[in-house]
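Hi,

Here is the structure I promised to pass on. Have a look at it first, then read on for what turned up.

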Amino acid sequence: DCLLSRGLGDVYKRQPNHKRRVNPMQEADIRRTNLSQLLRRKRCLRVLEAHSPISALLAEQSRLERGSGPSLVYDAIWSSSLTDSTHKGLPDIEILSPSNRLHGIREIFDVCSLPMIFDGDTGGKAEHFAIHVKMLDRAGVSAVVIEDKCGLKKNSLFGNAVSQLQDSIEEFCEKIRVGCANRSHEDLLIIARCESLILDKGMDDAIERCLAYVAAGADGIMIHSRKKDGLEILEFARLFRRHCPRVPLICVPTSYAHLSFDELEGAGFNAVIYANHMLRSAYMAMRDVAVGILEHGRTLEVEPRCLGIDEILDLVPGTR
């Protein structure tokens with residue numbers, strides 16, 4: 001089962017950027033359509049965070065060959081507000097708007113053909129969200145996820161340890177409707193992220209909200225949980241599937257990292273997002289190398305932890 005049945009995967013054939021033959025508008029349309037096609041064609045998608053062009057390239061080129069069956073690949077990339085802001089040394093408080101992040105998106109799209117799911121935080125005011133949807137639509141983003149919180153955004157994994165406010169069902173449904181009305185293609189998916197479990201509002205509140213969001217026009221649901229045993233997220237999937245057997249359901253297993261992709265797929269999820277691991281792993285490697293050079297006064301001892309010069313020259317097409 002190839003990653004992309006048609007579209008950019010066929011057109012690019014890993015050509016250097018200057019040899020690509022697709023005009024920007026056609027490229028945006030193809031990229032946007034591919035995620036919708038993948039959700040229809042595959043039971044569950046693997047999605048990896050990419051905060052820079054090089055991390056997006058690594059996501060696209062990562063492949064695990066198996067003795068039988070198709071190779072394992074990533075189907076899409078996740079543009080995380082957490083990693084985008086952290087990458088710039090800024091707090092994760094919705095300080096970067098979608099317009100601030102557009103340049104980075106375009107740089108990623110210059111080198112990577114995978115469809116992108118964009119973390120839109122709360123979406124801001126409905127009037128602002130309408131404009132941002134149009135911007136992201138033109139850029140070729142495939143899906144926009146907005147969470148049902150309001151006020152100053154704080155990272156969800158803090159839970160109730162910090163002050164976090166959940167939007168009313170009515171206000172958030174209106175924001176969903178505004179987003180849907182301002183896209184030029186239905187292939188740009190508007191995904192509603194529910195924070196009820198994060199804020200300890202209970203399973204009934206989470207189900208009630210998600211059903212309302214689907215009725216308001218959300219193309220999919222992302223359910224978030226910080227419970228480490230994973231039981232809460234599996235129970236939500238079971239209950240949600242009773243009401244919405246075909247609506248795309250997405251999870252982010254940062255807290256319940258022991259649950260495998262196969263287990264989440266079997267529970268009814270249609271996409272699993274590994275939402276911050278590329279930046280987290282890069283940070284640890286860079287920190288250890290920086291300290292190691294200070295410790296030894298040379299780079300010999302840290303060379304085994306660094307990509308070889310020949311490998312980095314071969315990583316990006318067209319370098320040689």
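Let's start with Thr122, which counts as buried because its relative accessibility is 5% (buried means under 20% relative accessible area, exposed over 50%, partly exposed in between, with a 1.4 Å probe and protein chains only). Before going further, the ground rules: this is a predicted model, where local features need pLDDT of at least 70 and side-chain atom pairs count only at pLDDT 80 or more, while totals for chains, interfaces and linings use all residues. Residues are numbered from 1 along each chain as its sequence is written, and side-chain values use heavy atoms, with hydrogens and water left out.

Back to Thr122: you'll find it in the loop between strand S5 (116-119) and helix H6 (126-139). Helices (H or I, at least four residues) and strands (E, at least two) are DSSP runs, numbered from the N terminus. Not counting residues up to four places away in sequence, Thr122 touches Glu94, Ile146, Glu147, Lys149, Lys153 and Lys175, a contact being heavy atoms within 4.5 Å. With Glu94 there is a side-chain to side-chain polar contact of 2.9 Å. For that term, read a pair of N or O atoms within 3.5 Å; within protein, one must be able to donate a hydrogen and the other to accept it, and residues adjacent in sequence count only if both atoms are side-chain atoms. A polar atom of the Thr122 side chain also lies 3.1 Å from the backbone nitrogen of Gly124.

Next, the strands. S1 (residues 45-49) and S12 (residues 271-274) pair in the parallel sense over four bridges, with Leu48 opposite Tyr274. Strands pair if DSSP finds at least two bridges between them. S11 (residues 249-251) also runs parallel to S12, joined by two bridges, and Ile250 has Ala271 as its bridge partner.

Over at His243, which lies in helix H9 (residues 231-243), the contacts are Ile207 and Leu211, leaving aside neighbours within four places in sequence.

Finally, which helices each supply at least two residues of the lining of the largest pocket? They are H3 (53-61), H4 (81-87), H11 (277-296) and H12 (309-315), and H11 gives the largest share, nine residues. The lining has 26 residues in total, with Met278, Ser281, Ala282, Ala285 and Met286 nearest the centre of the pocket.

Cheers

Technical notes: 1 Å grid on protein atoms, 1.4 Å probe; cavity = no way out; pocket = protein on both sides within 12 Å on 5 of 7 lines; lining within 4 Å.
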